[in-house]
Amino acid sequence: MEPIEYTIAQRSDQAALIDFANYVFSQSSEPHDFKLLLPKVYGDHVCAAEAATHYIARRAGAIRALVAMLPLEMRILDSRLSLGFVGTVSVHPYERGQGHMKRLMGDMLSDARRRGLDMLILGGQRQRYGYFGFERAGVGLQYTVTATNLRHCLGEADVSDISFSPLTADRPDELAFVRRLCRARSAYVERPESRLLDILRSWNSECLLIRKGGERIGYVSGAIIEIGLTDESLLPLVLRALFAAKGLEEAELSVAPYETERIRALRPLCESYSLQPLEMVNVLNWPSVLTALLRLKADYTRLEDGRVTLDVDGGGYALQVQGGQPSVTRFDGVPDLSLHHLKAMQLLFGLESAVCAHPFRNWLPLPFFMSAADGF
């Protein structure tokens, strides 16, 4: 048998990357066409090896395993975090059990640390990726809204002046409008205007511009995977119009905890709601992530004053809130709490921290949230 080679994909590997991903994912589930599913990485107009780093295993020149990492920049208030979203993790059915995924995940992690990334995100089975430092994290409020809810809450409200039209690349003014709405949030992933449409079309999502009386008021992607509005009080009316236009009976909206106006709009409208984690997360730079997310939480809720020192795998940090303002500094003494990486992830990001006793007052869970459109 030919020896295996572990390397990084180049521009010339475009067709082979797509063919391999299509084959493996189509074998394990339903048919996949990554050119259509993820045009932001695998579209004909994009170089996949430049859009994302693809760590590959080759045997006799053929790809036998693949792990990709999409670099992202997240803006959180006045802070910026460098993220990497891991996806297209795949091993040829004839090569499983050979350690390829373990090796490629290790290569990806080493490269992410070398590049100074603050955090990695992926979707996948919890324990499988726990071996690589990932844990369930994030705070998302999931609201279920039904046509019956809208009928009872809105009565005979007229929505005939609300319309939807496809967002297209030949209307730069509309793209700029949508991008402004994307960037109006307290936390968001940067989306270059040249890639915006591809991002919002991920996973066969249709992106529509929303108008009221002919005036642009927002956009919606997919079956309400993401929606942006100039005025959150319009959300119930927009939902009624969208349900009618798409023939929907029910929809789920994922809302960040800092989207307080949207929460107020959905609270009396929804059928049910829940608090859920998002993806698997691996923090590589604790000071940057802790600082950004604590400041974000302080922006929408009053944090109790206090100080806690924490050691994570030999790295010491002092977390302090004074006058409602948080700070994070290095700490070299004996900590109040010492945790291994996964335990720290579970405590600081876990939803149980909202109700379980711990020394961090009301600071937890940390409010990480990102739109599904930005990932793999």
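Let us begin with Lys 297, which lies in helix α12, the helix of residues 286-300. Please keep in mind that this model is predicted. Lys 297 is buried, yet it has no salt bridge. The nearest side chain of opposite charge belongs to Glu 304, and it is 10 Å away.

I turn now to the strands. Strand β13 spans residues 250-255. In a regular strand the side chains alternate between the two faces of the sheet. On β13, the covered face holds Ala 251, Leu 253 and Val 255, while Glu 250, Glu 252 and Ser 254 form the uncovered one. The antiparallel partner of β13 is strand β7, residues 140-146, and six bridges connect the two. Within this pairing, Thr 144 has Glu 252 as its bridge partner.

Next, consider an open sheet of four strands, in the order β8-β10-β11-β12, with antiparallel pairing. Its edge strands are β8, residues 162-166, and β12, residues 226-229, each pairing on one side only. On average, neighbouring strands of this sheet are turned by 25 degrees against each other, direction ignored. Strand β8 is joined to β10, residues 207-212, by five bridges, and Ser 163 has Arg 211 in β10 as its bridge partner.

Finally, which helices lie across these strands? Helix α8, residues 172-182, lies across β10, β11 and β12, at about 70 degrees to β11. Helix α10, residues 235-246, lies across β8, β10, β11 and β12, and runs at about 60 degrees to β8.

How values were computed. Residues numbered from 1 in each chain as written. Predicted model: local features only at pLDDT ≥ 70, side-chain atom pairs only at ≥ 80, totals over all residues. Heavy atoms only, no water. Buried < 20%, exposed > 50% of the residue type's maximum accessible area, 1.4 Å probe, protein only. Lys, Arg positive; Asp, Glu negative; His and termini not counted. Salt bridge = Lys/Arg side-chain N within 4 Å of Asp/Glu carboxyl O. Pairing = 2+ DSSP bridges. Axes fitted to C-alpha atoms, helices over the stretch in contact; angles between N-to-C directions. Contact = heavy atoms within 4.5 Å.
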